[in-house]
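Subject: Structure handover

Hello,

The structure is below, with my notes after it. Please read them side by side.

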Amino acid sequence: MTDYIVPLLLLLSSAIALRKKENPYDLMLTGAADGLKLLKSIVPALVLLLTAVAMLRSSGAIELLSNFCTPAFRFFGVPPETAMLVLIRPISGSAALAVGAELMAEYGPDSLIGRTTAVMLGSTETTFYAISVYFGAAGIQKTRYTVAAALLADLTGFVMASVTTRLLFST
Amino acid sequence: MVMSWIWTLFLLFSVIISTFQGRISNVSAAVAEGAQAGITLAISMAGSICLWSGVGHLMDKAGMTDGLSRLLRPVLCRIFPGTKTDPQLRKDLSANICANILGLGNAATPMGIRAAQRMTDPTRPGIATDEMCRLIVLNTASIQLIPANVAAVRASLGCETPFDILPAVWLTSICSAGIGLSAAWLLGKLWRHD
């Protein structure tokens, strides 16, 4: 069933655009060019951060962190291997992508840990970045309970990513 | 500045811990490997990022943003009562949420900022309003139709069904948005303006 989602989405959006007398091919080209620009802007960060993450991994620091976090993660039902990802996700989007890509390569994209990593990356955001950008632009100094509520949403995301992956994929 | 601290701390921990574990030669080798992995990752995601950025742009221009905002209007009115009296706020907010859903993160941010600016309370400058907190929570829950980057990474690692995580991603996002909004609502009741 999930195999239909992506091809149908592509077909439907083009068909709808045609019906509205728009030019889907040219629109896609414009968007794809923007994508290339976006990619160019994140490549340097990916190189630096994957270097740092590879160093951390080979030093044994990530393993140590996972072991240290194991009791807390077990309590929430989240795989301890994802400790590094969980800690970095609210702070930096590109660092989270680097850590996540490394995790998926290490354990395999179809492993339970690999899938949990993918769901975590897909369903959470860079919380502190969003807070600083939006509140900075609106001139807010007192954030009241925003950080608490947003971090609770993140925690829910990490726990639910583990739960849904286990429910839908463990055989 | 945050990134400089993260970068330096990563290096510091690598050096200290590898020294204790006798793995400094591995760390030295990992420097070159990691840099190369950064380029490999970027190239393996390039196709997907371009394609989905194109699809997002197409869906926006094909009127899916307008359709989505119509669908979302009843929900938005509940979460952000201010949208009932301020049509511009409603427009910015639904554009922000729709762009996030379609995966156009770069387009979503300016509209979210405009919405946040309209949500300020002139009688209490510098203090976050309840609606702003809810806007942040909704944005951090990352409700997204197609997480293209993640799917691209999975595909590059030889996964045959990179999109099979979609239902899990949707379910997770909806739960975290729900819990986050409930928490914000509850805390808003408890945390009076002072």
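First, a definition: a residue is buried if 20 or more other C-beta atoms lie within 10 Å of its own, exposed if 12 or fewer, and partly exposed in between, with C-beta atoms placed from the backbone. Asp164(B) counts as buried because it has 20 other C-beta atoms within 10 Å.

This is a predicted model, in which local features need pLDDT of at least 70, side-chain atom pairs count only at pLDDT 80 or more, and totals for chains, interfaces and linings use all residues. Residues are numbered from 1 along each chain as its sequence is written, while chains are lettered from A and ligands numbered from 1 in the order in which they are written.

The two chains

Helices (H or I, at least four residues) and strands (E, at least two) are DSSP runs, numbered from the N terminus. Chain A has 8 helices and 0 strands. Chain B also comes to 8 helices and 0 strands. Read from the N terminus, chain B runs α-α-α-α-α-α-α-α.

Chain B is more spread out than a compact globule, because its radius of gyration is 21 Å, well over the 16 Å that the globule rule gives for 194 residues. That radius is taken over C-alpha atoms, and the rule is 2.2 Å times the number of residues to the power 0.38. The C-alpha trace of chain B spans about 65 × 45 × 25 Å along its principal axes. For chain A the spans are about 60 × 50 × 30 Å.

Buried residues make up 48% of the 171 residues in chain A. In chain B they make up 48% of the 194 residues.

Contacts come next: two residues are in contact if their C-beta atoms, placed from the backbone, lie within 7 Å. In chain A, 58% of contacts between residues at least 6 apart in sequence join residues at least 24 apart. In chain B, residues 24 or more positions apart account for 62% of the contacts with a separation of 6 or more.

The interface

How many residues of chain A are in contact with chain B? There are 84, and they meet 86 residues of chain B. Elements giving two or more residues to this side of chain A include helix H1 (2-19), helix H2 (24-59) and helix H8 (146-169). H2(A) gives the largest share, 25 residues. By class, this side of chain A has 52 nonpolar, 23 polar and 9 charged residues. Here Ala, Val, Leu, Ile, Met, Phe, Trp, Tyr, Cys and Pro count as nonpolar, Asp, Glu, Lys and Arg as charged, and the others, Gly among them, as polar.

The core

A nonpolar core is a set of buried Ala, Val, Leu, Ile, Met, Phe, Trp, Tyr and Cys residues joined through C-beta atoms within 7 Å. The largest one has 101 residues. Ala98(A), Val99(A), Met132(B), Ile136(B) and Val137(B) touch the most other members. Leaving aside neighbours within four places in sequence, Met132(B) is in contact with Ala138(A), Ile140(A), Ala116(B) and Met119(B).

Two kinked helices

The bend at a residue is the angle between axes fitted to the seven residues ending there and the seven starting there. H1(A) has a kink of about 30°, centred on Leu8(A). H3(A) has one of about 60° at Thr70(A), shortly before the proline Pro71(A).

The buried residues of H3(A) are Ala61(A), Ile62(A) and Phe73(A). Their cover includes H2 and helix H4 (83-88) of chain A, together with helix H1 (2-21) of chain B.

Positive phi and loops

Most residues other than glycine have a negative phi. Please check these sites.

Arg144(A) has a positive phi near 50°. Arg144(A) sits in the loop between H7 and H8 of chain A. It counts as buried, with 21 C-beta neighbours inside 10 Å.

Ser142(B) has a positive phi of about 50° and is not a glycine. Its place is the loop between helix H6 (130-140) and helix H7 (148-156) of chain B. Ser142(B) is buried, with 26 other C-beta atoms within 10 Å.

Back to Asp164(B): it lies in the loop between H7 and helix H8 (166-190) of chain B. Its C-alpha atom is 19 Å from that of Val55(B), 109 residues away along the chain.

Best wishes
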